[in-house]
Amino acid sequence: MLLELKDITKVYKTGKLELKVLKGVSLDIDEGDFISIIGPSGSGKSTFMNILGCLDTPTEGTYNFEDREVSKYTADELAEIRNIKIGFIFQKFNLLPKLTAIENVELPLIYRGETTSARRQIATKVLEDVGLGGRMNHRPSEMSGGEQQRVAIARALAGNPKLILADEPTGNLDTKSGAEVLEILRELNRNGTTLVMITHDMNVASHGKRIIRILDGELSQEVSA
Amino acid sequence: MMFGKKTGMKAGMVIKLALASIFSNKMRSFLTMLGIIIGTSAVIILVTLAQATTESVTENIEGMGTNILSVSIMGTGNQTSLDYEDTLDISNIDGVDSISPIVSGQATLKYELNSTDITVEGADEGYAPVRGQSVSSGRFIHFLDIENRHKVILLGTEVVQDLFGFASPLGEQVKVNGTSFTVIGVLEESESTIGGSSNDKALIPVSTAERFFRSPGIKSINIQAESPESVAGVQVQLEAFLLRIFNNDQEAYRILNQTDMLSTIGEVTDMLTMMLGGIAGISLVVGGIGIMNIMLVSVTERTREIGIRKAIGAKRKDILSQFIIEAAVISGIGGLIGVIFGVIGSYIISNVMGLQMTIIFSILIISFVFSLAIGMFFGIYPANKASRLKPVDALMYE
């Protein structure tokens, strides 16, 4: 079992107002799985994704990542988990605009303490893998949305993570680029990377092996793909 | 380390990132640096000038001679000065080599159509050895000039130039406040000392001066001891002598020796240096606040960047060091430019003021390190703020 989430709740407090976004979510994810999480906006799927990606901690419940209870980890320990075990793909790409494609891809490796030559080598390889071998020294502003998202995928892959989290990866892309990105993700999964993808588009979600629906902070049902 | 692998960023990489971020916003970075540049160069210029002034004053005092005592008479009751004959008793004190009583006044000197307002000093033969003053042409004041109150005068080089141009003044008659004096000599050109330069002075016999300035009595005596070691002994006997004359009134006179003067001047100039350095230091602190201000803006602007960096694995210390080093690089570059401007500025100003400038290397180092430290200190707060941002919140920031 790669991930085990048990009775995860998340409560946001603003003044006297308490907002319960997740109401006891439990989920197990096996290594090599490809899970699509769907749900309307406000359903709590982003919050769930943040907890899954160790960007946030649950209010209650336990979250085990490779049998380590990360729900009790400190901010720096979570940063290390994110750095080494998780790759992120965001809807808005989230590349640093002042860095070139290859520098963006090298970033997680910098925080990992890799040497310059090792970083170059890894970053070059993953960029070639996503078909951007010729655009390594372009800045994000000089690339199309599809290319930017592929840089982001390369960045997620650079650290050779156990888990890749994709939050609406095709949300800002045209149909063709979206299809390319999804194909890359499927290819990754075929090679053994565990994938969790969040989307509100059933067509996109159908690429997953499992489809899980979130409604009002609860896993309402598992749709078979 | 949880995964047994070394994590974290190398310092060289952080500095490279900081430089990239500084260069990506050149105008803002320069304006931020300006405070540090001005502060650092102000510290260097002011301290260097204060030191140069100290040196020049010290040199002047030392130029007086290390075995010189200077007596000023304030007087008490009816006894407001010393008789010329009384002053001669001082030369009998053990350890005294020679004495030079002075009567001083202002006068207008005229030769043909030229005139000049200068200080005229009444002196005797002691003036030459005590002041180390020689004549470049003609002769000095003689015992007989004093005895007979001769109307003779020696002129400083500047006075000669004002009145005679390049012609020789020897034997000519000059009018001193309307009275004719015969020029008997020209004083050797001298460096200016704390007693003033003799270049813009004229000397007449002390007895002539007493009558001429209608001020009978001597109010100022310079005494040369036989050696620097005998100065203290001479001073004790001199005090006893003066106390006797002025009925034990210690306020009636003042004796200065070079050591006392040097230490007094030293205290004053040290304080001056500290004060100037301190004022300039304040401007450096203000520059530091400027850095803090701009760093805070930068942290807000780059919230999203911080979020992305954290999401992909930057730890608190990575973000913290990134922003502190950025502040340090800004202030370091500013400090370096400030040091360069400070040296150039000191050079120009001391040239204009005619001071002998010596750049003190330690001041350059201290002001640079101080500016660096200020930048880092004021970078701590914004950097800490950045490092505490939660990745989720930072990623959501638009």
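Predicted model: local features only at pLDDT ≥ 70, side-chain atom pairs only at ≥ 80, totals over all residues.
Biologist: Is B:Leu144 buried or exposed?
Modeller: B:Leu144 has its place in helix α5 of chain B, which covers residues 143-147. Because there are 9 C-beta neighbours inside 10 Å, B:Leu144 counts as exposed.

Biologist: What radius of gyration does chain A have, beside that of a compact globule?
Modeller: Chain A contains seven helices and 10 strands, and its C-alpha trace spans about 50 × 35 × 35 Å along the principal axes. For 225 residues a compact globule would have a radius of gyration near 17 Å, and chain A agrees with this, at 17 Å.

Biologist: Which strands stand at the edges of the open sheet in chain A?
Modeller: Four strands of chain A form this open sheet, with antiparallel pairing and in the order β2-β1-β4-β5. Each edge strand has a single partner strand, so one side of each is left without a neighbour in the sheet; these strands are β2 (17-29) and β5 (68-69) of chain A.

Biologist: What angle does helix α1 of chain A make with β2(A)?
Modeller: Helix α1 (residues 45-52) of chain A packs on the sheet, where it touches β1, β2 and β4 (60-65) of chain A. The direction of helix α1 makes with that of β2(A) an angle of about 60 degrees.

Notes:
Residues numbered from 1 in each chain as written. Chains lettered and ligands numbered in written order. Helix = DSSP H or I, 4+ residues; strand = E, 2+ residues; numbered from the N terminus. Rg over C-alpha atoms; globule rule 2.2 N^0.38 Å. Buried ≥ 20, exposed ≤ 12 C-beta atoms within 10 Å, placed from the backbone. Pairing = 2+ DSSP bridges. Contact = placed C-beta atoms within 7 Å. Axes fitted to C-alpha atoms, helices over the stretch in contact; angles between N-to-C directions.
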